[in-house]
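I set down what I looked up, entry by entry.

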Number of protein chains: 2
Amino acid sequence: MRELPSLNHCSTCVYKNLLFGNLNTEDLNFLNESKKEIEFKKGEIISEEGTEITSFLYLKQGLVKLYKKNPLHKDQIISIAKPRDFVSLLSIFSESTYKYSISALEDTIVCSVDIKAMKDVISRDGKFAIEILNKMSKMYDDILETRFEINKKHLRGRIAYILLYFSNHIYQSDEFDIPISRREIAELIEMTTENVIRILSEFRKDSIIKIDGKKIYLLEPERLESICKLG
Amino acid sequence: MRELPSLNHCSTCVYKNLLFGNLNTEDLNFLNESKKEIEFKKGEIISEEGTEITSFLYLKQGLVKLYKKNPLHKDQIISIAKPRDFVSLLSIFSESTYKYSISALEDTIVCSVDIKAMKDVISRDGKFAIEILNKMSKMYDDILETRFEINKKHLRGRIAYILLYFSNHIYQSDEFDIPISRREIAELIEMTTENVIRILSEFRKDSIIKIDGKKIYLLEPERLESICKLG
DNA sequence: TTTTAGATATGATATATATCATGACATTTA
DNA sequence: TAAATGTCATGATATATATCATATCTAAAA
């Protein structure tokens, strides 16, 4: 974890319009004052459940996982967040401590704004509040829908789903380095690690995919689509 | 469905402080103008996914289910809402049409405020916006947590969970008329109807519960607790 | 370097759950 | 009223999944 020198002002940020597009200059300056850009190395924890919420986080670069720790040594991964996602949006407005942990799956740059400053701006700019409501609602809906979708599928369908997820939503490519371990896949789609490995091997033997360590090639994405759809 | 004559003003409503406690008189009058109280009979649909969102709903009396319709004739029940719950909070700020359906499990009275009026007030009162954010976030977190909790349990644990849920959270009693069918229990805790019935019978044979049609008596709630906890 | 721990891999087996079949009973519909 | 439909109930069976055991390979630690 390393704080980066603050080079650009929020007002000139390429991502400004994602959320701050309609803020007035005064509020934008106000938020910019507490703004920090922080770099996290792969594996580092960005925020930990139970600790105090001090900032509103925005993912600028990299990839992170949101998860809930489990005493029995197997976590529950809730979702994967990618650049442009407001990773801290879950529960920061209802709790004073994080309900979920966030850690970096790749080297990641996070933009951080003081949570109090953020709430101040929301309090005086209702239009901004509506936008936050909108973003938050979308994020939760998306997670919920994904959860239901995964749970109603059989294991093969889940593996197909997650492979297509990385291919279509994260990397926009039929080949990619999968950023999480087999065990983390298991934690994300609720099955055992052994079965993740087994079914990946199965897909490999059926020539649906090619595996080379972390590198995965989707040889027949259409077949994955149909396995995913049929559950 | 029947609109009730409007007797009391929002300012004198016993539930005012749940959300409207800090609104100024002007805004409260404004919301009150579009306010309607509507009665739904058991089984009636309160709002249907895909239809346009026109109002912000608040459950005053009764019990409802939030669910997602499934083409394959088995719905997914997302949660049960009880008096004091803001049942329409899911997705009304991110979508123009409902993502979920809501229907009455018992005779229910719903308080309805025009969604546009609601957004107007949020836009001009940021403190109110923060409260909405808070309520919404809590509701989603709760649903998500429940989902994870249910899914990691075995079927017996799920049945124990849902019995305790009705006992502790809805009826505050060890005996109650269960307001949903076996099939709906299945839709809520993601298992087959046959297994719901089977396991309820099992609990009955083990004298953990007594069943008389819809009437359920928790004879040994402590044993249910432990079955629930152990999964 | 050696040792240790973790990740990947696979097989055998146990177990949990779904599916299919059938019947009784209750409730709605014709 | 009878017929039809849905709910509750239970058993037999098939299937999906977890668990346990073991091996190899890799990466981290001593």
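Entry 1, DNA strand D. I looked up which atoms of DNA strand D come within 4 Å of the protein: 59% belong to sugar or phosphate and the rest to bases. The model is predicted; local features need pLDDT of at least 70, side-chain atom pairs count only at pLDDT 80 or more, totals for chains, interfaces and linings use all residues, and side-chain values use heavy atoms, with hydrogens and water left out. Residues are numbered from 1 along each chain as its sequence is written, while chains are lettered from A and ligands numbered from 1 in the order in which they are written.

I found that 16 residues surround DNA strand D, the closest being A:N195, A:R198, B:R182, B:R198 and B:S201. A residue is near a strand if one of its heavy atoms lies within 4 Å of it.

I then looked up single polar contacts (pairs of N or O atoms within 3.5 Å; within protein, one must be able to donate a hydrogen and the other to accept it, and residues adjacent in sequence count only if both atoms are side-chain atoms). A polar side-chain atom of A:R198 lies 3.0 Å from a base oxygen of DNA strand D. A polar backbone atom of A:L155 is 3.3 Å from a phosphate oxygen of DNA strand D.

Which helix gives the most to the surface near DNA strand D? I noted helix 7 of chain B, with five residues. Helices (H or I, at least four residues) and strands (E, at least two) are DSSP runs, numbered from the N terminus. I sorted the residues of this surface into three nonpolar, five polar and eight charged. Here Ala, Val, Leu, Ile, Met, Phe, Trp, Tyr, Cys and Pro count as nonpolar, Asp, Glu, Lys and Arg as charged, and the others, Gly among them, as polar.

I found 16 residues around DNA strand C, and A:R182, A:R198, A:S201, B:N195 and B:R198 are the closest. Helix 7 of chain A gives the most to the surface near DNA strand C, with five residues. A polar backbone atom of A:R182 is 3.0 Å from a phosphate oxygen of DNA strand C. B:E194 has a polar side-chain atom 3.5 Å from a base nitrogen of DNA strand C.

I laid chain A on chain B with an RMSD of 0.0 Å by a turn of 180° and a shift of 0.0 Å along the axis; the superposition is by least squares on the C-alpha atoms of residues with pLDDT of at least 70 in both. That is the relation of a two-fold axis. In chain A, the C-alpha nearest the axis belongs to A:G126, 2.4 Å from it.

I counted 24 salt bridges over all chains, each a side-chain nitrogen of Lys or Arg within 4 Å of a carboxyl oxygen of Asp or Glu. B:K99 and A:E145 form one, at 3.0 Å from N to O. B:K99 lies in the loop between strand 6 (76-81) and strand 7 (101-104) of chain B and A:E145 in helix 4 (residues 126-151) of chain A, so the pair joins two chains. Buried or partly exposed: which applies to B:K99? With a relative accessible area of 18%, B:K99 is buried, whereas A:E145, at 30%, is partly exposed. Buried means under 20% relative accessible area, exposed over 50%, and partly exposed in between (1.4 Å probe, protein chains only).
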